[in-house]
Amino acid sequence: MHWNAGLWDVIRILGDEPLTPLCAYENFIGRIDKRLRTIFPNAKIVFATSTAIYEAGYTGTFKRLNKDIEQYNQAALSVLAKTDTHIDDLYEITKDIDDSCRSDMTHFNTENGAKTVGGAVVRYLCSILGIEESELSASKAEEAKIDADIMGV
């Protein structure tokens, strides 16, 4: 189970502080992680840190700051350190990413972005599941087994 939270939590609207107070974010991260463990007791749980943004591109009344993302990522890591949740550090992968990977200040939905960020996620998941990337071109039956392994069913 690969999950993420944070970019909407850190958004600043009309000059306010981040939308979600840090103490509430920490509480929510712990609750979400606990709920995932209850619903999927055999799954490997993977939390992905929030990705870096392109600050200079934000104009107007909505903005995000990398310093907030770093602070919220660190808070999530502190909460999850008490569990066996795996951490996929997407912030580290995206903090110095090439502009060709971005479609705007926040998203990586370009061809280069999908290959870079999506590829990093696939490599991470393969590493914790003990799967070779070459196995991902397996038959539909094998893909279903991989899905079942990921979901812990």
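## Overall make-up

Of the 153 residues of the protein, 38% count as buried. The model described here is a predicted one. Five helices and five strands are present in the protein. Read from the N terminus, these elements follow one another as β-β-α-β-β-α-β-α-α-α.

Contacts across the sequence can also be summarised. Among the contacts in the protein with a separation of 6 or more, 65% are accounted for by residues 24 or more positions apart.

An open sheet is formed by three strands, arranged in the order β1-β3-β5, and their pairing is parallel. Its edge strands are β1 and β5 (86-88), each of which pairs on one side only. On average, and with direction ignored, neighbouring strands of this sheet are turned by 35 degrees against each other.

The pairing of β1 with strand β3 (residues 46-48) is in the parallel sense and extends over three bridges. Within this pairing, H2 has V46 in β3 as its bridge partner. Helix α1 (residues 22-39) packs on the sheet, where it touches β1 and β3. The direction of helix α1 makes about 160 degrees with that of β1.

## Residue D9

D9 is placed in the loop between β1 (2-4) and β2 (12-13). Which side chain of opposite charge is nearest to D9, and how far away is it? That side chain is R64, at 8.9 Å. A salt bridge requires a side-chain nitrogen of Lys or Arg within 4 Å of a carboxyl oxygen of Asp or Glu. D9 has no salt bridge, although the residue is buried.

The side chain of D9 does have a polar partner: a polar contact of 2.7 Å joins it to the side chain of T20. With residues up to four places away in sequence not counted, D9 touches P18, L19, T20, Y25 and Y72.

## Residue T85

T85 is found in the loop between α2 (66-80) and β5. Is T85 buried or exposed? T85 counts as buried because its relative accessibility is 9%, and the cut-off for buried is under 20%.

Two polar contacts of the T85 side chain may be described together. One is made with the side chain of D33, at 2.8 Å; another, of 2.5 Å, joins T85 to the side chain of R37. When neighbours within four places in sequence are left aside, T85 is in contact with D33, R37, I45, V46, F47 and L80. V46, listed among these contacts, is also the bridge partner of H2.

L14 lies in the loop between β2 and α1. Although L14 is not a glycine, it has a positive phi of about 55 degrees. With a relative accessible area of 64%, L14 is exposed, since exposed means over 50%.

E92 belongs to helix α3 (residues 90-94). Its relative accessible area is 45%, so E92 is partly exposed. E92 and S50 are 42 residues apart along the chain, and their C-alpha atoms are separated by 9.4 Å.

How values were computed. Residues are numbered from 1 along each chain as its sequence is written. This is a predicted model: local features need pLDDT of at least 70, side-chain atom pairs count only at pLDDT 80 or more; totals for chains, interfaces and linings use all residues. Side-chain values use heavy atoms; hydrogens and water are left out. Helices (H or I, at least four residues) and strands (E, at least two) are DSSP runs, numbered from the N terminus. Buried means under 20% relative accessible area, exposed over 50%, partly exposed in between (1.4 Å probe, protein chains only). Lys and Arg count as positive and Asp and Glu as negative; His and the chain ends are not counted. A polar contact is a pair of N or O atoms within 3.5 Å; within protein, one must be able to donate a hydrogen and the other to accept it, and residues adjacent in sequence count only if both atoms are side-chain atoms. Contact means heavy atoms within 4.5 Å. Two strands pair if DSSP finds at least two bridges between them. Axes are lines fitted to C-alpha atoms, for helices over the stretch in contact, and angles run from 0 to 180 degrees between N-to-C directions.
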